Amino acid sequence: MSSLILPADLTAGGFTDLAWGMVRVIAVLLALLLAQILGLRALLAHRKRHQARFRAVWAPLLATVIDTYPPRLPRLPRRDVISFLLIWNVFQESLRDRSKERLNRVARRLHVNRVAARLVRRRGVRDRLIAVTAIGHLGEASVWPDLERIAEFDETVLSLSAARAMLRIDARRGADRVISLLARRADWPAANLATMLAEAGPDAISDALVHAARLADGPQAPRVIRLLELVHVDAASPVIRGILETSDDAEAVTACLRVVQDPALLDLVRRRTTDERWQIRLQAVRALGRMGSRSDEWYLIRALEDANWWVRYRAARALAQLPAMDAQRLHRLSHTVDDRYGRDMLRQVIAEQEIAC
Amino acid sequence: MEAVEQAPEQSDVATRNVLVVEDNGIIVTLLRHLLERRGYVVETAVDGREALARLQGEPPGLVLLDVMLPYTDGFEIIRQMRSTPSWSSVPVIMLTAKAQERNVVRALDAGANDYVIKPFKPEELAARVRRFLP
Amino acid sequence: MLTGSAILLFKAFQWLALFFFIGLNGGYILLNVLTFFTLPPYVRRRVLSDLPEPHSGFEPPVSLILTAFNEESVIVGSVRSLLQLDYPEYEIIVVNDGSTDRTLEVLSEEFDLVVFPEAFRPRVAHKPVRTIYQSRLYPELRVVDKENGGRKSDAANAGINAARFPLVCPLDADSVLQRDSIRLLVRPFLEDSRTVATGGIVRILNGCEVSGGFLTRVGMPRNPLALVQIVEYLRAFLFGRIGWSAIDALPLISGAFGLFHKETLVALGGYRHDTLAEDMELVLRIHRHFRLQGKPYRVTFVPDPVCWTEAPEDLRTLRNQRIRWHRGLLECMSIHRELIFHPKARTLGWFTMPFLLVFEGIGPLVEVLGYGIMILGFALGLISFSGFMAFMLVALGLGIVLTLTSVLLEEASYDTYPRVGQILTLILTAVAENMGYRQLTAVWRVQGMWRWLRNADSSWGKMARTGTWQAAAVPREREQPAAAAPAKSA
């Protein structure tokens with residue numbers, strides 16, 4: 001049996017030494033942290049005050065461009081160019097035509113355009129982002145190669161900003177470039193792309209987009225096809241026709257049905273209301289609601305009996321949308337349709353219509 | 001719904017007053033310059049809450065309202081304005097961004113008198129304001 | 001009287017405790033340091049981003065599901081604020097979970113509800129729906145009135161069934177959102193089509209000004225408990241979550257506000273009704289489903305503040321909350337124990353789950369024992385004062401270092417509390433948090449563990465019958481202020 005041992009200190013030796021060593025490290029860390037927290041606070045407060053002072057001077061000054069080119073411009077220190085651009089970019093986004101020209105003149109007069117061109121090459125994301133936006137407004141074509149490069153960066157926001165700048169500098173050339181990059185950039189949200197491309201205008205983007213849609217395959221195809229919504233109807237039609245006629249790719253066909261607008265393609269749409277995949281039937285039914293005429297009632301009534309809830313729902317809504325349909329006829333329909341689910345769905349949609357009025 | 005034209009109320013002071021409801025200080029500066037140059041008096045509200053607090057007081061001659069405010073829907077503000085008797089006939093011009101043109105229909109339905117899409121031409125905005133406050 | 005082996009055991013435990021404290025805190029400190037290089041740039045970029053407004057029609061429509069049980073005083077304000085969200089297409093589904101107060105009446109009066117013949121299709125399980133109403137004033141608002149199911153998960157499932165859009169967003173009735181909250185949570189879905197679920201930062205509402213259902217001014221609470229929870233949230237929940245998401249192993253999306261791909265939820269059967277942590281269980285189930293089948297998917301954390309909720313301001317409610325959270329955590333660990341070290345589970349399997357189990361699950365026990373044994377040892381004269389002090393200073397000191405790094409990171413990224421007075425308050429609170437509060441929550445968590453163990457027998461039985469998720473007769477826990485920040489994990 002082991003003897004009774006009552007050691008003086010179980011923590012003697014390594015344990016205590018290590019612990020006290022750690023305490024020293026911790027003390028240093030705490031001091032550093034406190035310094036940093038308070039220091040950062042001071043820095044941020046200082047920056048804020050500086051910004052406010054700067055703005056108080058320059059915002060009213062720039063505001064005068066809405067009427068005239070400002071006669072006198074104070075000096076702009078190099079380190080304040082970013083603050084200047086922050087204000088300037090907002091003005092550019094809010095104004096059109098002559099005011100924009102005057103803003104650009106002001107920027108050139110202050111050599112901001114040159115600084116911005118240099119900043120585009122800098123590493124810091126913040127400065128770069130602001131500079132890229134400014135370059136887009138300035139229309140500085142000299143920076144084009146840099147913008148192309150940045151548009152290929154992995155980072156989403158920066159690359160997208162570069163794409164937008166290119167579209168603003170030269171709509172046609174920019175559209176070609178951006179659209180050719182689309183297939184690789186799954187991370188560029190279609191929602192934002194659509195705005196940018198719409199801004200460039202259908203004339204600039206039609207050719208490139210139609211061409212890209214024709215070649216598109218794989219997972220990126222639906223995105224490109226959806227963007228066809230922004231293009232002239234007649235330009236998009238042939239591509240959409242091609243896909244609806246021959247393709248069996250569910251995603252591509254669905255995307256086409258979402259954007260189809262040409263009534264000449266109605267037959268192809270009608271055919272798709274019996275596709276075996278519900279997503280395609282769904283979009284076909286919606287398209288009929290958009291473009292269809294009285295003769296399409298038959299297809300939609302048939303779709304009311306679809307096995308899938310969504311198809312039934314959209315079919316009912318599409319019916320309500322058709323030109324010759326009115327509340328009375330809808331009511332009558334809801335009594336004549338055989339299928340119980342179809343009737344239920346019609347009743348729901350009728351109630352929706354009534355409430356909406 | 002067509003734009004409702006109302007002659008501005010011939011009340012004493014407020015006829016040249018424009019209330020600008022906008023949270024972006026830079027745009028406020030822009031609008032202030034634009035309007036003051038043309039002889040209007042500019043009041044500002046930086047968000048929906050301030051704007052709604054104004055409803056207790058004297059109405060301005062016109063309200064210039066940004067749809068995209070931080071805490072309140074622009075449409076909600078118009079609705080509340082329209083249900084406050086003294087403010088119900090104050091003309092409202094809404095500022096909205098290009099990509100959201102469906103907002104225009106909503107704006108008119110909610111009771112706005114006119115709208116301006118950003119980016120705008122200063123002269124155009126001034127003309128629209130003049131229409132309600134000559 | 002001590003034998004040699006007892007002494008050895010004691011010594012071993014000392015070292016274990018010491019390394020546990022160093023490891024736990026050190027790990028998180030390291031995480032914070034790493035986050036320091038990624039988060040502030042992200043926030044700066046987002047603030048500056050001039051990304052064009054999303055084009056109408058391209059953003060996926062969202063169904064908001066607001067579950068309400070006896071919320072007559074807040075429900076109208078809540079719904080009104082949701083009606084003003086800045087998002088092109090969305091619907092609001094309020095699920096009245098058999099309220100016994102005037103919740104339904106108040107909604108009906110305020111929003112002019114009429115009975116609506118909806119072709120309701122129950123795809124996930126819940127208690128029966130009585131009636132569905134549609135608002136005449138707002139076509140996007142519907143109310144589903146159903147029998148009380150005992151828990152929020154039941155109501156949420158009804159909401160999922162009623163939802164018409166591809167993305168669903170379960171919400172608490174007292175969650176305060178920002179106008180761009182949905183827009184922020186939708187981003188990952190737009191940028192990566194594999195995304196099935198996203199969550200964001202849930203901040204503490206106490207002390208802030210709310211107007212019309214929206215947060216209008218950020219402030220600091222006066223209540224010390226609320227203050228300390230703010231700091232705790234920074235330390236324990238926020239940055240950990242960002243880290244988990246970065247290694248693609250986010251174990252939890254807050255029930256207060258999250259965005260999910262509806263068809264995925266339906267395929268998985270919706271929420272379970274037999275766990276206290278239904279939000280965490282759901283996310284783990286999502287992971288499990290996709291990983292074990294090797295299918296591509298993403299669960300992402302959006303490091304932007306999107307939601308604000310009330311934190312408990314009295315000890316009793318806080319205690320109940322923490323006990324419940326811990327039980328929930330252990331339940332989830334148990335339900336999904338298959339994931340631990342599962343070869344197909346990748347980072348979730350070999351890192352997150354074990355980490356959560358050891359440091360969050362069992363950790364509080366080690367913590368409590370660590371303090372307990374050292375104090376006992378000192379009291380019995382077995383440990384010198386020097387040794388005891390050193391240990392305590394390390395344990396508490398590292399905690400303070402960790403909390404302060406979190407405060408610094410918060411300041412550098414979001415700068416939510418810009419005034420000097422507020423920063424000083426945070427610093428002092430950071431100290432207080434580690435000297436008493438953290439230990440107290442550890443004790444509560446141990447209690448939670450004990451309760452979980454005691455219930456385990458009945459739980460085991462239930463778990464054996466996989467697939468039957470009918471609500472056990474557990475009465476709905478009426479929390480005073482709703483559960484605040486996401487709980488159980490890092």
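Me: Where is Pro119(B) found?
Reply: Pro119(B) sits in the loop between strand E5 (114-118) and helix H5 (122-132) of chain B. Helices (H or I, at least four residues) and strands (E, at least two) are DSSP runs, numbered from the N terminus. By the way, this is a predicted model, where local features need pLDDT of at least 70 and side-chain atom pairs count only at pLDDT 80 or more, while totals for chains, interfaces and linings use all residues. Residues are numbered from 1 along each chain as its sequence is written, and chains are lettered from A and ligands numbered from 1 in the order in which they are written.

Me: What kind of peptide bond joins Lys118(B) and Pro119(B)?
Reply: A cis one, with omega about -5 degrees. Most peptide bonds are trans, and most residues other than glycine have a negative phi.

Me: How many other C-beta atoms lie within 10 Å of Asp97(A)?
Reply: 13, which makes Asp97(A) partly exposed. The scale counts other C-beta atoms within 10 Å, with C-beta atoms placed from the backbone: 20 or more is buried, 12 or fewer is exposed, and partly exposed is in between.

Me: And what about phi of Arg346(C)?
Reply: Positive too, near 45 degrees, in a residue other than glycine. Arg346(C) lies in helix H10 of chain C. Arg346(C) is partly exposed, with 15 other C-beta atoms within 10 Å.

Me: New topic: which domains is chain C divided into?
Reply: Domain 1 (4-44 + 345-464) and domain 2 (59-314), with bounds from an automatic or database domain assignment. Their C-alpha centres lie 30 Å apart.

Me: How many residues of the two domains of chain C are in contact?
Reply: 31 residues of domain 1 are in contact with 22 residues of domain 2. Contact means C-beta atoms, placed from the backbone, within 7 Å. On the domain 1 side, H12(C) gives the largest share, 9 residues. That side divides into 17 nonpolar, 10 polar and 4 charged residues. Here Ala, Val, Leu, Ile, Met, Phe, Trp, Tyr, Cys and Pro count as nonpolar, Asp, Glu, Lys and Arg as charged, and the others, Gly among them, as polar.

Me: How many residues from chain C and chain A does their contact take?
Reply: 59 from chain C and 52 from chain A. H11(C) supplies the largest share of the chain C side, 16 residues. That side has 34 nonpolar, 12 polar and 13 charged residues.

Me: And how many residues of chain C are in contact with chain B?
Reply: 12 residues of chain C, meeting 11 residues of chain B. The chain C side there has 3 nonpolar, 6 polar and 3 charged residues.

Me: Last one: which residues touch the most other members of the largest nonpolar core?
Reply: Cys256(A), Ile65(C) and Leu66(C), in a core of 277 residues. A nonpolar core is a set of buried Ala, Val, Leu, Ile, Met, Phe, Trp, Tyr and Cys residues joined through C-beta atoms within 7 Å.

Me: What does Ile65(C) touch?
Reply: Leaving out residues up to four places away in sequence, Ile65(C) touches several residues, including Ile93(C), Val95(C), Ala156(C) and Leu171(C).
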